[in-house]
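Student: I have a structure open and would like to learn how to read it. Could we go through it together?
Tutor: Gladly! Let us bring it up.

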Amino acid sequence: MLKMLKLATCAVALLVAGTISSANAGDTLTIGLATGQTGGLAPYDGPAIEGFQIAVDEINGAGGIGGNIMIKMISKDTRSDAAQTSIAAQELLEMGIDILVTPSDADPAFAAAALATDAKVPAFSPAASSPTLPLMGGDFMFANFPGDNVQATVSAEWAYGEGFRNAYILYSPDTQYTTLPLYFSDVWKVLGGTVAGEGTYVMGQQDFSAEVTKIKALNPPVDVIMTAAYEPDFPAFIRQLRSAGVTAQVIGSDGIDSPTTFSLGDAGDGVVFSTAGHALPGSALEEFNNKFKATYGRDADTIFAAIGYDLMKVIEAGVLAAGSTDSVAIRDAVANLENVQGVTSVITYKGTTGMPVRQVSLIRVKGGDRELVAQPSPTASLVPAPRMQ
Amino acid sequence: MVKSIVGTGGFVVVMVLAALIAGTIGGSIERTLVVFFISLIAVLGMGVYSGNSGILSFGHLGFMGLGAYLSGILTMPIAMKQMTLANLPPFLATAHFDLLGATVIAVIFVMVVALVVGIVISKLEGSAATITTLGLLVIVHGIIIGARDFTRGSQSFFGVPRVTDLTVAAICAVLAIIVARFYKDSVFGLKLRASRDDQLAAGAMGVNVRRERLLSWVISAGIVAVAGVLIGHFLGAFSVKKFYFVDTFALLAMLIVGGMATVTGALAGATLITLVTEILRRVEGGIEIFGFQTPQLFGTTQIGIGLIILLAMAKRSDGLFDRLEWDEALLGGWFAKKEKIVGDAPPEHKPVPEGSLQASSITKFFGGLKALDQVSLALANREIVGLIGPNGSGKTTLLNVLSGVLPASEGETLVDSQDVSTMTSHQLAGLGIGRTFQNIRLFSSLSVRQNVAVAALNAWPKVSTIVANEKVDMALEAMGITEFSEVQASTLSYGNQRRVEIARALALEPRFLFLDEPAAGMNREETDSLMDDLKSLCDRFGMGILIVDHDLPLIMRLCERVVVLNEGRVIAEGEPKTVQKDPQVIEAYLGHKGSQQVAEVLSD
């Protein structure tokens, strides 16, 4: 019994210590990270926070933001779950953080957005691309990635330019992000293409035979298939599609910017997808990738590490522009940032609702490697308005 | 009753203190306590069903989810609903309630759903029921995902006002403790706990096990729905994942580690798991201890909970608090003294009405085996009939058929002139058929008094608990075990356990009492004293007794009439003396050769 009492006392002491030690000091920018380090978002949030850490270490190594504001990170795992994100965000906000980093998917990020907006603390999702997130998440919610509607416009314009006319879209209503093909469909119709059919799937369903049969039966055959499916759905889909003999061009989006996509062999070959950047020789991104390898001893084989790095650069620029660590001042400064030089792109928030204007890269999978197709700017009038779907 | 009040009162004091302290400190301690209270409500709810029925349920998180989503739709600002749930039917789209109103509606809705589901589940036994609850969880999960217009499918459901604060959570937790404890100590809870310990015996003592299970299932669903409402309004945003396996696992861990049979166990389990989870969750992000930064180890929390379950199960498989409430463990003796009913003259049992039990041509097959073959038997008031026969001759099977534990394959049983052949054991118990079992089947975790009370509460016509209590006293006194009334039944000696079984059957005020080897395992003095008691029971109350025993001297001295079974058939019937000399009987017991020797001895 005495032993249990002692244990309980230690436990309570630990709990209390945890809350007190996190008090905020003068010239420190405290950043709370509530991200999915385990679960379905780990392939995105994991590298993003690794990249973020590189930027933090660089800045702190140089004496902090502007030479005097040191950055402190407090990290919490949200297990890729909305409820857990809400709890982690509440805890971090209560610790008095100045900036909140949310998970990379819009769905759990929504759970944190309302909290951050209530607490008047700017919140950033490293890689959420749903334009509805900053729109409905409140004034303090920012994204850090080309929006779904922008990516869809770039893909559609490219495909139309390639001469494709008859499209099929495959989407899942399970998350905001996986409904990206609906934006593609909008743009495609405006451009003059036809949408021969729409298919839906449940995330994690693995068996796409019904959808593949439907696609194969279409007459005239489709020449382009657009989907925002990602792991583990996309590899399953593309394998089943190709083994059924369908050769149409497949277009994906940033969710498949992962090593798996490049290891699918023949099935993956020729797939084109939109993402946030491409490491051309001599580019800032290539330089970052080298830095990543030097830090972690392995390749940064997705764009999300660089995206995490860029997020810290955006925050740095915001703090510099605000001239303080005051959360509201930082939010206002970020909302007016223009032409921040990141390693993936030049980033502008001014004139947006929180979805940054940044470059979109179209990548082709070729022989297990990346090939840059284009880095076009979308035609502004074609970009569909954000909507919940 | 006094016990329940003191028991819950203790918790309420502790919880209010905790809430006050946390409220003053605020911050993450306060939030941790809110989550703890919500978990506690859920665990208490699950315990109302699983703890009292002994059937583990994986399905309760489904009820929690339904509660969270429905109440969330009801409290969400209408403008928010138009944005995020554009396809809601108009009556929901324009509905707006405060937390209390939404809670009431959600709880009623969930209880109705639980009632429908429960009608199926309450028919199932043990692991079949558990697996079905697992199916329920999966189905509810699927429905929530499928009902996109209401729930946004598997996307985040957000925009729920965050109105669950410490006060609301604490009040609800106190209410949940009161409901759970009072249900457990109520007549319904007692009956269900009896069925948990021994379903067959509970049925034979008149407990309608299905109905009791259904009741606790519906109540527990209601409590869990409250937890769902609160967690939804605490988080403000959640997805269907919140109400699936991970949280089921965490809540079951609380339930099992603490001991699912008691409210104390639920509280202990919820406290322990919450403490460990909160500590590990802070440690896994990396913390500073004496200037040393620990590394980040995400995923530690789940592993930690798993280890606690392993440890708890290895050391104490009934949970930390076994099957006792804290007040029973600490103040048990005190209550025993307080609650002992003083009364030197227990009420006289009215003689049972005249009548008869008549079984005709009962046949029972077990697959291809004919266990009973055209057995006919009559039993009248004030009559003690012995049923004997070699091992495997069908004696116990006959008792099981007559008491409704097993259905007969053919033949009919009449009580007076009513055909009772198709009645279940609990219905027959209501008609005044009481029995004991060959291998003692007491409700092992209940006290002697509670064992007997289960039967007294089911006697027909129904009586108030006060009258039932008097009957318990009468039955205990009749069997001479009043001094053990507060002792846990399973701790008694073998002979006394047999006496408790008989007292329990007596409390049903049976017109016909079946005793299956009541003297087994007793020494000669105990057997003699039991015989005296049985004789006086028969004289005093006038019931008919059918007794199975291997102790032939006992049967011969006690019974006016003896029926002999062999290989499922009646081979002799009559006065003990006559039957004793029947060559067929001797042959059945001793074999052909032995019977010749005995015949020679007898003829000398």
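Student: How many helices and strands does chain B have?
Tutor: Keep in mind that we are looking at a predicted model. Chain B has 25 helices and 14 strands. Its C-alpha atoms fill a box of roughly 100 × 50 × 45 Å along the principal axes. Of the 604 residues in chain B, 50% are buried.

Student: What share of the contacts in chain B link residues 24 or more positions apart?
Tutor: Among contacts with a separation of 6 or more, 75% join residues 24 or more positions apart in chain B.

Student: Let us turn to sheets. How do strands hold on to each other in general?
Tutor: The strands of a sheet pair through backbone hydrogen bonds, and the pairing can be parallel or antiparallel. Now for the case here. Chain A has an open sheet of seven strands, in the order E7-E6-E8-E9-E10-E13-E14, and its pairing is mixed. The edge strands are E7 and E14 (369–374) of chain A, each of which pairs on one side only. From one strand to the next, the twist averages 25°.

Student: Which strands pair with E6(A), and are they parallel or antiparallel to it?
Tutor: E6(A) runs parallel to E7 (residues 194–200) of chain A, and six bridges join the two. As an example, Tyr171(A) stands opposite Thr200(A). To get from E6(A) to E7(A), the chain passes through helix H7 (residues 180–191) of chain A, making a right-handed β-α-β crossover. E6(A) also pairs in the parallel sense with E8 (residues 224–227) of chain A, over four bridges. There, Tyr168(A) stands opposite Ile225(A).

Student: Is E6(A) mostly covered or mostly open?
Tutor: Mostly covered: five of the six residues in E6(A), which spans 166–171, are buried.

Student: Where can I see antiparallel strands in chain A?
Tutor: Look at E10 (residues 272–275) and E13 (residues 361–366) of chain A, which run antiparallel and are joined by four bridges. Phe273(A) has Ile363(A) in E13(A) as its bridge partner.

Student: Back to chain B. What is the strand order in its six-stranded open sheet?
Tutor: The order is E10-E11-E12-E7-E13-E14 (chain B), with mixed pairing. E10 (433–435) and E14 (569–574) of chain B are at the edges with a single partner strand each, so one side of each has no neighbour in the sheet. Ignoring direction, neighbouring strands are turned by 20° against each other on average. Within this sheet, E7 (residues 384–388) and E12 (residues 544–548) of chain B run parallel, joined by four bridges. One of the bridge pairs is Val385(B) with Leu546(B). Helix H17 (residues 395–402) of chain B packs on the sheet, touching strands that include E7 and E11 (512–516), and its direction makes about 150° with that of E11(B).

Student: How many residues of each chain are in contact with the other chain?
Tutor: On chain B there are 31, in contact with 30 residues of chain A. H14(B) gives the most to the chain B side, with five residues. By class, this side has ten nonpolar, 13 polar and eight charged residues.

Student: Which domains does the assignment give for chain A?
Tutor: It gives domain 1 (28–145 + 282–347) and domain 2 (148–275 + 361–382). The C-alpha centres of these two domains of chain A lie 28 Å apart. Eleven residues of domain 1 are in contact with twelve residues of domain 2 in chain A.

Terms used. Residues numbered from 1 in each chain as written. Chains lettered and ligands numbered in written order. Predicted model: local features only at pLDDT ≥ 70, side-chain atom pairs only at ≥ 80, totals over all residues. Buried ≥ 20, exposed ≤ 12 C-beta atoms within 10 Å, placed from the backbone. Pairing = 2+ DSSP bridges. Right-handed = clockwise from strand over helix to strand, strands pointing away. Domains from an automatic or database assignment. Contact = placed C-beta atoms within 7 Å. Nonpolar A, V, L, I, M, F, W, Y, C, P; charged D, E, K, R; others polar. Axes fitted to C-alpha atoms, helices over the stretch in contact; angles between N-to-C directions.
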